[in-house]
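Me: Please examine the model shown below with regard to its salt bridges and one of its chain interfaces.

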Amino acid sequence: MEKTGFVSEEILDKIRVGKEYVAAKYGFRNHWYPALFSKDIAEDEIKTVELLGEKILLKRIDGKVYGIKDQCIHKGVPLSRKPECYTKGTISCWYHGFTFRFEDGLLCDIVGVDKSNIIGKRHVKTYPVQEAKGLVFVFVGDEGYEVPDLSRDVPPKFLDEDMAIRGMAREIKSNWRVGAENGFDSTHIFIHKDSILIENNDLALPLGLVPTGRGAFKVQKEEDGPKGVFDLFEPETIRPVFQGTVEGEEVRMGTPEGKNMLPHNISIWLPGVLRVDPWPDPKLTQFEWYVPIDGKRHLYLQTIGCRVNSAEEEAQFDKEFEERWKPVALEGFNDDDIWAREAAEDFYADDTGWLREQLFEPDGNIIEWRKLASKYNRGIQTPEDIK
Amino acid sequence: MEKTGFVSEEILDKIRVGKEYVAAKYGFRNHWYPALFSKDIAEDEIKTVELLGEKILLKRIDGKVYGIKDQCIHKGVPLSRKPECYTKGTISCWYHGFTFRFEDGLLCDIVGVDKSNIIGKRHVKTYPVQEAKGLVFVFVGDEGYEVPDLSRDVPPKFLDEDMAIRGMAREIKSNWRVGAENGFDSTHIFIHKDSILIENNDLALPLGLVPTGRGAFKVQKEEDGPKGVFDLFEPETIRPVFQGTVEGEEVRMGTPEGKNMLPHNISIWLPGVLRVDPWPDPKLTQFEWYVPIDGKRHLYLQTIGCRVNSAEEEAQFDKEFEERWKPVALEGFNDDDIWAREAAEDFYADDTGWLREQLFEPDGNIIEWRKLASKYNRGIQTPEDIK
Amino acid sequence: MEKTGFVSEEILDKIRVGKEYVAAKYGFRNHWYPALFSKDIAEDEIKTVELLGEKILLKRIDGKVYGIKDQCIHKGVPLSRKPECYTKGTISCWYHGFTFRFEDGLLCDIVGVDKSNIIGKRHVKTYPVQEAKGLVFVFVGDEGYEVPDLSRDVPPKFLDEDMAIRGMAREIKSNWRVGAENGFDSTHIFIHKDSILIENNDLALPLGLVPTGRGAFKVQKEEDGPKGVFDLFEPETIRPVFQGTVEGEEVRMGTPEGKNMLPHNISIWLPGVLRVDPWPDPKLTQFEWYVPIDGKRHLYLQTIGCRVNSAEEEAQFDKEFEERWKPVALEGFNDDDIWAREAAEDFYADDTGWLREQLFEPDGNIIEWRKLASKYNRGIQTPEDIK
């Protein structure tokens with residue numbers, strides 16, 4: 001467990017825009033985060049995950065997944081070190097037999113100690129869990145916090161009934177914000193200029209995207225819905241640039257000749273999830289999460305959505321996903337994003353990068369995302385929260 | 001050398017019981033600690049050990065072991081990096097020839113520099129060394145401290161003339177206090193419920209041991225003797241529990257049917273040594289030390305004692321030790337204790353575990369040990385001491 | 001990048017002599033340092049080096065080597081992670097196309113973004129580079145600092161026209177000051193007492209060198225020249241000792257019988273370069289640099305100089321260097337210095353060694369070096385400088 005590494009007040013005092021966002025090195029509390037795929041936790045199976053620096057033990061019981069803090073209340077050992085479940089709904093600590101109910105976290109017994117004043121009174125922390133679209137979402141929040149509907153923490157369209165979702169997940173060695181900004185950053189398209197996806201999918205890919213002035217993005221902040229920022233890819237707001245020049249000389253061209261000019265619509269949402277629509281194909285949408293593991297790592301959970309009207313269509317999408325979109329888009333194309341984030345991590349790792357970076361016009365949407373996240377988050381993860 | 005990692009005043013201020021004990025992350029000064037086995041340092045041989053964060057060079061000269069600080073006074077290099085002993089009673093630093101006497105640490109010469117005002121005046125720190133029962137004990141203390149008799153720092157019976165001792169030692173990745181508390185903790189017996197020792201030695205082993213109310217332990221604090229805490233395994237004070245239940249259902253049984261109901265008598269002593277009597281057999285006693293190496297590691301030095309009346313009996317015990325007790329008890333049974341300590345280390349590593357733990361009734365003896373150690377120790381290791 | 005590890009004010013306040021030198025854990029700013037050998041960076045080739053904690057990208061363009069900071073001004077990524085040079089005189093950042101001129105660091109274009117207010121206005125930091133004697137020297141200093149002539153930062157004789165230079169370089173795991181002091185320290189000769197160089201080169205090598213009283217060194221501090229300290233190897237100032245005794249007994253002899261009594265003249269110069277003259281042979285001179293990489297490592301750049309009057313003589317020296325002096329002197333002899341420095345590092349690593357060391361008479365020249373370096377350096381590297 002990484003216990004240091006939060007942003008100092010000295011640095012935060014110097015942040016002029018997006019202060020809460022910069023403070024959220026370990027992520028935003030009281031939000032839903034996808035932790036793993038439903039298929040990866042079978043009935044009776046136990047899995048451990050780390051979210052926002054909190055170590056969580058998950059178990060599927062009678063179909064439903066439950067989450068508790070992976071730390072015995074007695075002397076703090078991880079329950080997962082040697083899980084002992086003597087009844088379906090409980091787990092007993094391997095060390096002194098402290099037994100907790102998954103449903104409410106109650107210390108219901110201590111195996112081997114038949115009487116104690118603490119039995120029936122103390123609790124281990126529980127985490128709300130919900131499954132949707134083949135993902136296991138965990139609510140990482142304060143005890144007693146009124147848990148919001150999942151639909152407020154995912155991008156629009158993701159939960160649509162006819163949307164089939166497939167995906168994969170990887171641990172990335174960078175802060176989650178470095179991941180999120182790489183994804184939403186419209187000029188980072190420059191790193192993809194030689195991607196195998198371009199030819200493979202007949203893409204028209206510019207070298208850069210330049211805002212023409214004001215109005216290159218819009219903010220969505222309806223009270224009961226998810227909060228996000230959209231890029232506005234309209235000719236009058238954002239202009240694609242295919243010709244690269246250095247000191248007056250043309251040095252490099254983008255790929256203007258592809259028939260698919262994608263995407264038209266990129267947006268980023270609290271607590272840290274991107275929607276690229278359509279992508280990587282006119283009929284598909286990519287949704288990807290940058291889930292904080294701790295201050296230095298994030299889970300890059302990538303999914304592609306496809307509207308389907310039958311089990312047959314879904315099976316067809318499943319096959320295409322495995323054979324084409326996973327290797328060519330989620331791996332081939334996005335692998336470039338991964339090394340870019342890891343290369344950018346060092347500059348932000350000691351938190352001074354937020355003061356030293358020199359942003360330029362196309363970063364306007366990033367600034368807007370920092371403002372939105374600072375304003376609409378439900379809490380900032382603190383050192384106390386990860387103990 | 002771990003130079004940070006001492007407990008902060010901020011945390012110590014919040015400790016209500018056993019404050020000095022919590023402060024002693026690197027151990028208690030001015031006590032005797034076993035460093036290695038006598039058989040492992042032959043005549044003329046040099047060995048280095050780390051005790052309480054202090055690096056010490058030991059050498060056996062004419063049968064007697066001497067100890068000096070393994071750091072030249074001049075520019076601080078380890079003498080052991082390339083030991084050069086030009087006379088039996090001295091060691092010369094490989095770097096500039098500074099030569100120290102083992103007996104009193106005096107800088108008696110500088111090889112290659114025939115005159116200097118510091119020759120005959122400066123000293124390297126020396127450590128009193130004493131051998132007993134096949135162990136090399138080192139006194140880690142302040143210069144000028146009146147060295148107490150070894151008998152005041154070992155459990156009663158250990159030095160008895162007819163007590164033959166055999167043992168082994170391992171480095172464990174946990175603080176010494178986490179080791180000590182695991183050993184003395186009466187309900188940790190739960191982790192041993194499937195040990196090979198049970199069947200191998202026909203043991204009756206409960207799942208837990210529950211104090212019935214006041215009076216489950218007693219303190220021994222005679223002025224001239226060792227200071228320790230005893231568990232009182234009497235039916236009216238501590239009750240064995242063989243049946244494990246969860247929410248009213250019997251889920252697991254201990255082992256009530258063995259003919260050997262052991263041990264009757266467990267005690268822990270300053271500066272951090274446990275006596276389990278009898279154990280692992282009615283005729284044997286286990287003595288085990290948790291010697292601080294630094295703030296994160298301890299030397300787990302395990303010994304078994306057997307009363308013998310002849311060289312033949314001792315040879316017989318030696319054979320039994322090697323063939324049975326070492327593999328079945330010191331390894332088989334205690335290996336569970338080792339992983340338990342290492343699993344518990346993370347919670348206490350940043351010192352906040354002492355504030356976050358939630359103790360219960362059976363931990364009363366642990367509390368008593370913390371109080372006793374806080375009251376009767378002869379000093380607390382500080383950052384200055386390990387430089 | 002090591003961003004912590006500078007010396008605390010608490011420690012500096014206790015330093016009585018050479019305070020600025022002790023503060024210069026990362027080296028002295030505004031000086032010339034050799035970074036690599038000219039032969040190791042070909043036309044068009046890019047190399048990265050780390051000097052005083054600063055990461056620098058070097059490129060040879062039309063014969064001349066240029067240096068810029070290896071960090072894009074935008075979001076701080078290393079340009080060297082995937083160098084993209086679309087024109088001879090520029091480098092473009094792989095991430096967003098920011099393009100910098102090597103000559104003056106100007107952001108002259110952003111590939112893929114045809115218009116931005118920052119183009120033509122912002123700069124990446126540049127480093128003056130100069131080649132001499134087959135070495136690439138980099139000036140690590142403040143922007144706007146008036147760059148001094150290289151001759152003020154190398155020992156006398158090094159730049160002499162008839163001086164041919166050959167050498168090698170290695171990264172050493174110790175602070176540069178520990179390296180420098182090992183080199184200039186006259187009694188460290190003790191570690192070389194069994195060197196293969198002694199027999200191989202018919203050397204007379206004492207076990208120690210003892211100053212006889214005042215006057216064992218002199219300081220050179222002419223205003224326009226390099227600043228250094230000389231040992232004065234005169235019979236009346238420094239006396240060689242061949243006989244090693246311990247408590248009155250002769251225990252070890254140096255090597256008095258060699259016909260080459262070397263060296264006569266050892267001196268150390270700002271910013272951290274030693275001259276040993278003659279060495280390792282009556283006709284040769286060794287010049288060696290201890291270049292700070294960061295606070296924990298230095299580049300040990302060793303060279304040997306030989307006066308030559310023709311290409312033929314230089315070719316002869318080149319052959320001798322490769323076949324003899326490199327393996328026997330720079331490796332064989334100096335390898336002992338390397339492990340000595342690494343063994344001494346731990347004591348000084350947390351900066352308390354400067355308070356705990358116990359110097360003696362022969363260290364007078366070291367003290368003088370610390371004073372000179374404190375007085376004549378052009379600046380001390382700070383945490384701000386390495387961001």
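**Salt bridges and an interface**

In this predicted model, a network of salt bridges links Arg29(A), Glu54(A), Lys125(A), Asp142(A) and Asp385(A).

Me: How many salt bridges does the rule count over all chains?
Reply: The rule pairs a side-chain nitrogen of Lys or Arg with a carboxyl oxygen of Asp or Glu within 4 Å. Applied over all chains, the count comes to 108 salt bridges.

Me: Which residue of chain C meets Arg101(B) in a salt bridge?
Reply: Within chain B, Arg101(B) forms a salt bridge with Asp104(B) at 2.6 Å, N to O; Arg101(B) is partly exposed at 25% relative accessibility, and Asp104(B) is partly exposed at 31%. Arg101(B) also meets a residue of chain C at 3.2 Å, N to O. Arg101(B) lies in strand E6 (residues 98–101) of chain B, while the partner lies in the loop between strand E16 (243–246) and strand E17 (249–253) of chain C, so the pair joins two chains. That partner, partly exposed with a relative accessible area of 46%, is Glu247(C).

Me: What area is buried between chain B and chain A?
Reply: In this interface, 39 residues of chain B are in contact with 37 residues of chain A. Carbon and sulfur atoms give 56% of the buried area, which is about 3200 Å².

Me: Which residues of chain B lose the most area to chain A?
Reply: The area buried between the two chains is about 3200 Å². Together accounting for 20% of what the side of chain B buries, the residues are Phe190(B), Trp339(B) and Gln358(B).

Me: How many salt bridges does the rule find across the interface of chain B and chain A?
Reply: Between these chains, 13 residue pairs are in polar contact. Glu84(A) and Lys193(B) form a salt bridge, with the closest N and O atoms 3.1 Å apart. Across the interface, the number of salt bridges found is four.

Me: Which element gives the largest share of the side of chain B that touches chain A?
Reply: By class, this side has 17 nonpolar, eight polar and 14 charged residues. Elements giving two or more residues include helix H3 (176–184) and helix H6 (335–349) of chain B. The largest share, seven residues, comes from H6(B).

Key. Residues numbered from 1 in each chain as written. Chains lettered and ligands numbered in written order. Predicted model: local features only at pLDDT ≥ 70, side-chain atom pairs only at ≥ 80, totals over all residues. Heavy atoms only, no water. Buried < 20%, exposed > 50% of the residue type's maximum accessible area, 1.4 Å probe, protein only. Helix = DSSP H or I, 4+ residues; strand = E, 2+ residues; numbered from the N terminus. Contact = heavy atoms within 4.5 Å. Buried area = accessible area lost by both parts, 1.4 Å probe. Polar contact = N/O pair within 3.5 Å; in protein donor to acceptor, adjacent residues only side chain to side chain. Nonpolar A, V, L, I, M, F, W, Y, C, P; charged D, E, K, R; others polar.
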